[in-house]
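Let's take a friendly walk through a protein chain together.

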Amino acid sequence: MSSIIEIGDHKISDSAVLPLLAKYGMLPQLFREVIIEQAIADITCNPEERNAAYSRFYQNNQIANDEQMKSWLRQNGMDSEQLEYLILRDIKLEKFKQETWDNKVESYFLQVKNQLDKVVYSLIRTKNIGIAQELFFRIQDRENSFAELAKKYSQGAEAETGGLIGPVELSTPHPQIGQILKASKPGQLWPPTQVGEWVVIVRLEKYLSCELDPPTRQRLRNDLFQQWLMTQMQTVKFISESTPVNSEQVSII
């Protein structure tokens, strides 16, 4: 027996839901969730994890008794089995990430560490090469501080901070500036360099080497999961006995 969803004056049959998801650009989210459900199907939670997850759910949704719980289920079109999946999903997903990628995090960290290292640097940018050269020599000869010249002459938002930027990851600045900073020692002042439409003067102030601490480990685990998920998404296919899902063929009855 088919189900009907009523929204205002419209009645939507269950056979129309997939085309509607396609029309509204929501199919990729559906695919992701189905892939995740399959991945975490065999992951279990202990009683303490289950109780904590349910308590958080009740608190976040202000559910205090069975009647409120039944009301929430009706409003969201869910049964108790679907609710359990929703409540335990994030815990199971985190366990799946740990079981799958914890032994790969350290080698991946070595691959990407240079991108995660942070820098604090000073920057002056202008579109006038003559001014840039003059400012460089004034800083080099200590006639003026980098900060006071940046405040007066730099043409970007960094002027407000005396040219000081960071800490930021090395992947954040323009790639050309990133290469300059990688090759720098703290305090090293670089002569004017053309970067796109700008002429820049750069000085590395501080280099902050990234460590594989718990937050970084979590971030890398998430990165590896997202890479895996994107690969899985590329394998999704429409298989139909008639025609593929077409957002123009939505039936609203």
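In which loop is the place of S184? S184 sits in the loop between α9 (175–182) and β5 (189–195). Those labels follow a simple rule: helices (H or I, at least four residues) and strands (E, at least two) are DSSP runs, numbered from the N terminus. With a relative accessibility of 11%, S184 counts as buried. Here buried means under 20% relative accessible area, exposed means over 50%, and partly exposed is in between (1.4 Å probe, protein chains only). S184 touches W190 and L204, leaving aside residues up to four places away in sequence; a contact means heavy atoms within 4.5 Å.

Before going on, a word about what you are looking at. This is a predicted model, in which local features need pLDDT of at least 70 and side-chain atom pairs count only at pLDDT 80 or more, while totals for chains, interfaces and linings use all residues. Residues are numbered from 1 along each chain as its sequence is written, and side-chain values use heavy atoms, with hydrogens and water left out.

Now step back to the whole chain. It holds ten helices and six strands. Its radius of gyration, taken over C-alpha atoms, is 28 Å, well over the 18 Å that the globule rule gives for 253 residues, so the chain is more spread out than a compact globule. That rule is 2.2 Å times the number of residues to the power 0.38. Along its principal axes, the C-alpha trace spans about 85 × 45 × 40 Å. Of the 253 residues, 32% are buried. If you take the contacts with a separation of 6 or more, 70% of them are between residues 24 or more positions apart.

What lies inside? A nonpolar core is a set of buried Ala, Val, Leu, Ile, Met, Phe, Trp, Tyr and Cys residues joined through side-chain atoms within 4.5 Å. The largest one has 17 residues, and those with the most contacts inside it are I40, L93, F96, L116, L220 and F225. The elements giving two or more residues to this core are α2 (27–39), α5 (80–101), α6 (105–116) and α10 (214–233). The largest share, five residues, comes from α6. To see some of the packing, find L93: it touches I36, I40 and F225, not counting residues up to four places away in sequence. Apart from this core lies another, of 13 residues, including L123, L181, V195 and V202.

Q62 is in the loop between α3 (47–60) and α4 (66–76), and its phi is positive, about 55°, although Q62 is not a glycine. Q62 counts as exposed, at 71% relative accessibility. R142, in the loop between α7 (129–140) and α8 (146–153), also has a positive phi, near 60°, in a residue other than glycine. At 76% relative accessibility, R142 counts as exposed. In strand β4 (residues 164–169) you will find P167, and the peptide bond from G166 to P167 is cis, with omega near 5°.

Finally, where does F238 lie? F238 is in the segment after α10, and it is partly exposed, with a relative accessible area of 44%. The C-alpha atoms of F238 and F109 are 37 Å apart, and the two residues are separated by 129 residues along the chain.
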